Amino acid sequence: MSDLKAYLKDQQVLVDDALNQFLPRVTVRPKTVHQGMRYSIFAGGKRLRPILTLAAAEACGGEMKNALPPACSVEIMHTYSLVHDDLPCMDDDDLRRGRPTSHKVYGEGMAVLIGDALLTEAFTILAETPPTKRYDLKDILLEFSICGGSRKLIGGQVLDLEGEGKELSKAQLVRIHENKTAALLTTSLRLGGMTANATPRQLDALTAFGYNLGLAFQVIDDILDVTQSTAQLGKTAGKDEAVEKATYPSILGLDKSKNEAARLTRKALEALAVFGRKGKRLEEIAHYLLDREF
Ligand code: GRG
């Protein structure tokens with residue numbers, strides 16, 4: 001596992017360097033929005049999604065440098081969703097990645113624009129992805145845009161908003177998180193595979209892995225919200241219970257939620273068989289996420 005820790009650190013540095021290269025400098029006018037974009041991007045964060053993109057490319061025999069543009073795009077789309085999700089009209093949060101949220105620093109109107117600018121920039125960077133024999137830029141663009149749109153990411157947020165203050169069934173909760181959480185993890189992996197000219201069978205395997213890993217990740221996120229401190233998480237702990245949000249622990253209880261996360265992780269791991277030894281990093285990441293503490 002210590003080898004994995006070193007690998008994760010190296011990948012984080014690689015992604016951060018690429019993000020630094022791709023994003024507009026703070027001196028570009030208007031400076032406020034570019035400062036705000038970098039404030040949220042470089043606030044920390046595990047860089048899970050871009051690391052998955054790079055590891056999926058590796059599993060399919062591709063080159064890391066070709067996967068860097070989509071790796072940055074998925075991290076930027078993720079960060080935009082956090083900036084907007086934290087707004088007072090959404091989840092109303094003051095703390096993210098251990099820092100005051102974007103609207104606390106820049107004001108609400110500017111935080112909306114910072115989120116918009118991040119999402120738009122994600123497409124600009126995605127356009128740098130080199131096409132492969134099986135996947136042209138249109139395939140890559142559609143994978144990314146459908147994931148971020150009303151059918152997935154935004155659709156999940158809509159269901160989340162509509163479910164506020166209601167008792168939800170497990171099936172309804174799963175539907176929210178398939179879209180809010182699992183969709184972007186799946187797209188992160190699939191884009192990595194596409195840059196490596198993945199076979200349809202490999203792409204299906206990445207999809208099944210991403211779906212189950214994404215749901216497992218959310219179950220753990222819900223568990224950590226109950227069991228960890230604000231300092232440990234870098235975001236407000238106990239928030240779900242405080243706003244009476246339906247979560248895995250609130251529906252299943254803590255023990256059954258832990259079993260559910262382990263079951264989903266097992267399903268995710270089964271999907272990796274097609275990669276043989278090349279799927280080792282993805283396998284290690286799945287184990288690591290199940291045991292994570294923040
Ligand atoms: C379009 C506004 C809008 C929302 C879409 C993705 C989303 C829905 C909202 C973002 C907030 C949220 C609770 C997402 C669920 C996925 C999740 C657990 C995100 C946290 O991801 P980590 O732990 O965060 O990878 P870091 O900071 O490490 O990158």
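This is a predicted model: local features need pLDDT of at least 70, side-chain atom pairs count only at pLDDT 80 or more; totals for chains, interfaces and linings use all residues.
Leaving aside residues up to four places away in sequence, arginine 49 touches Val74, His78, Leu184, Leu185, Ser188 and Phe217. Arginine 49 is located in helix α3. Its side chain makes a polar contact of 3.3 Å with that of histidine 78. Although arginine 49 is buried, it has no salt bridge. The nearest side chain of opposite charge belongs to glutamate 75, at 5.1 Å, and a salt bridge requires a separation within 4 Å.

An N or O atom in the side chain of arginine 49 is 2.8 Å from an oxygen atom of the ligand. For histidine 78, a polar side-chain atom likewise lies 2.8 Å from a ligand oxygen, and for arginine 97 the corresponding distance is 2.8 Å. Taken alone, the ligand exposes 720 Å², of which the protein buries 92%. Helix α4 gives the most, with six residues. In total, 18 residues surround the ligand, and the closest are Lys46, Arg49, His78, Asp85 and Arg97.

The backbone also has several features to examine. Most residues other than glycine have a negative phi, and most peptide bonds are trans. Against that background, the peptide bond joining arginine 29 and proline 30 is cis, with omega about -10°. Proline 30 belongs to the loop between α1 (2-22) and α2 (31-41). Arginine 47 has a positive phi, near 60°, although it is not a glycine. This residue is found in the loop between α2 and α3 (48-59), and it counts as buried because its relative accessibility is 3%. Aspartate 92, again not a glycine, has a positive phi of about 55°. Aspartate 92 occupies the loop between α4 (64-85) and β1 (95-96). With a relative accessibility of 42%, aspartate 92 is classed as partly exposed.

Charged pairs form the last topic. Side chains of opposite charge can pair when their charged atoms come close. The count of salt bridges in the model comes to 18. One of them joins arginine 96 and aspartate 86, with an N to O distance of 2.9 Å. That pair links distant parts of the chain, ten residues apart: arginine 96 lies in strand β1 and aspartate 86 in the loop between α4 and β1. Arginine 96 and aspartate 86 are both buried.

Lysine 235 forms a salt bridge with aspartate 221, whose closest N and O atoms are 3.2 Å apart. Lysine 235 counts as partly exposed because its relative accessibility is 24%.

A salt bridge of 3.0 Å, N to O, connects glutamate 260 with arginine 263. Both residues lie in helix α14 (residues 254-270), three residues apart, or about one turn of the helix. Glutamate 260 is buried, with a relative accessible area of 9%, while arginine 263 is partly exposed at 34%. Finally, Asp3, Lys280, Arg281 and Glu284 are linked in a network of salt bridges.

Definitions and conventions. Residues are numbered from 1 along each chain as its sequence is written. Side-chain values use heavy atoms; hydrogens and water are left out. Helices (H or I, at least four residues) and strands (E, at least two) are DSSP runs, numbered from the N terminus. Buried means under 20% relative accessible area, exposed over 50%, partly exposed in between (1.4 Å probe, protein chains only). Lys and Arg count as positive and Asp and Glu as negative; His and the chain ends are not counted. A polar contact is a pair of N or O atoms within 3.5 Å; within protein, one must be able to donate a hydrogen and the other to accept it, and residues adjacent in sequence count only if both atoms are side-chain atoms. Contact means heavy atoms within 4.5 Å. A residue is near a molecule or strand if one of its heavy atoms lies within 4 Å of it. Accessible areas come from the Shrake-Rupley method with a 1.4 Å probe; for residues, only the protein chains shown count as cover.
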